[in-house]
Amino acid sequence: MDLFLQIWGGACYLSNKILFSVSEGQKASTKRTLKILGWIIYIIGVPAWVIILVAHDDWIAASIEAGGIPAMLLGLYNTIYDYRKEHKVFSWFVFCCTYGSLVFGLTYSLYIYGGITSASQVLEIGVMLGFLLGSYLMAKGDPKGWLFFMLMNVSMSALMALQGKPVLMVQQLVSLCFVIYGFSQSSSAR
């Protein structure tokens with residue numbers, strides 16, 4: 001079951017990064033289609049990641065993955081409407097979910113572990129910052145989100161190595177290559 005979850009979560013996450021990074025060099029209609037597919041695939045992979053993270057008491061990372069679903073839906077919404085139709089209530093809801101999940105995950109982890117007492121918690125904080133800020137900025141169409149995804153990939157790769165999840169460790173490192181590519185494409189397009 002563990003290997004299945006690693007493959008499911010890793011394949012969806014990697015597919016998302018490939019679609020996002022490749023979309024950066026495409027014409028507008030192709031870019032939009034690739035990003036829509038990327039957001040959908042990312043959402044499909046979230047349950048596998050949450051199960052894996054909860055099984056290892058990685059409460060910070062698990063709550064961020066689960067709490068990040070509204071940000072992913074906002075990214076999907078914004079991409080579908082090509083950032084022309086702002087939805088202020090939905091944006092506010094995403095903001096509350098994002099930071100509410102951050103507070104929940106961090107507080108629960110501090111409670112369970114009695115503070116920041118492990119290397120995995122430090123790595124989870126890197127994942128948390130990278131994921132939340134990266135997803136939020138990408139949902140808003142800001143290419144600086146790629147930089148935060150780099151932090152997330154490096155932190156998650158180290159966390160997965162620490163926890164004996166080689167498939168996800170390698171997937172995170174391969175994803176990092178696509179994140180770097182996506183960032184370079186978005187930077188050169190500006």
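This is a predicted model: local features need pLDDT of at least 70, side-chain atom pairs count only at pLDDT 80 or more; totals for chains, interfaces and linings use all residues.
Residues are numbered from 1 along each chain as its sequence is written, and side-chain values use heavy atoms, with hydrogens and water left out.

**Exercise 1.** Work out how helix 1 and helix 7 are oriented to each other.

*Solution.* Start by finding the pair: helix 1 covers residues 2-23 and helix 7 covers residues 145-162. (Helices are DSSP runs of H or I with at least four residues, numbered from the N terminus.) Next, take the angle, which is about 155°, with the axes 14 Å apart. Axes here are lines fitted to C-alpha atoms over the stretch in contact, and angles run from 0 to 180 degrees between N-to-C directions. Angles over 145 degrees count as roughly antiparallel, under 35 as roughly parallel, 65 to 115 as roughly perpendicular and the rest as oblique. Helix 1 and helix 7 are therefore roughly antiparallel.

**Exercise 2.** List the residues where helix 1 and helix 7 meet, then sort them by class.

*Solution.* From helix 1, pick Y13, K17, F20 and S21; they meet W146, F149, M152 and N153 of helix 7. Contact means heavy atoms within 4.5 Å. Now sort them: five are nonpolar, two polar and one charged. (Ala, Val, Leu, Ile, Met, Phe, Trp, Tyr, Cys and Pro count as nonpolar, Asp, Glu, Lys and Arg as charged, and the others, Gly among them, as polar.)

**Exercise 3.** Find out how enclosed helix 3 is, and what packs around its buried residues.

*Solution.* First, go through residues 59-67: W59, I60, A61, A62, S63, I64, E65 and G67 are buried, meaning under 20% relative accessible area, while exposed is over 50% and partly exposed lies in between (1.4 Å probe, protein chains only). That makes eight of the nine residues, so helix 3 is largely enclosed by the rest of the structure. Then look around: the buried residues pack against helix 2 (28-55), helix 4 (69-80), helix 5 (88-113), helix 6 (119-139) and helix 7.

**Exercise 4.** Decide whether Q121 and D57 are buried or partly exposed.

*Solution.* Q121 is in helix 6 and, at 0% relative accessibility, counts as buried. Among the residues it touches are I60, S109 and Y113. D57 is in the loop between helix 2 and helix 3; at 33% relative accessibility, D57 counts as partly exposed. D57 also has a positive phi, near 55°, though it isn't a glycine.

Note on methods. Helices (H or I, at least four residues) and strands (E, at least two) are DSSP runs, numbered from the N terminus. Lists of a residue's contacts leave out its neighbours within four places in sequence.
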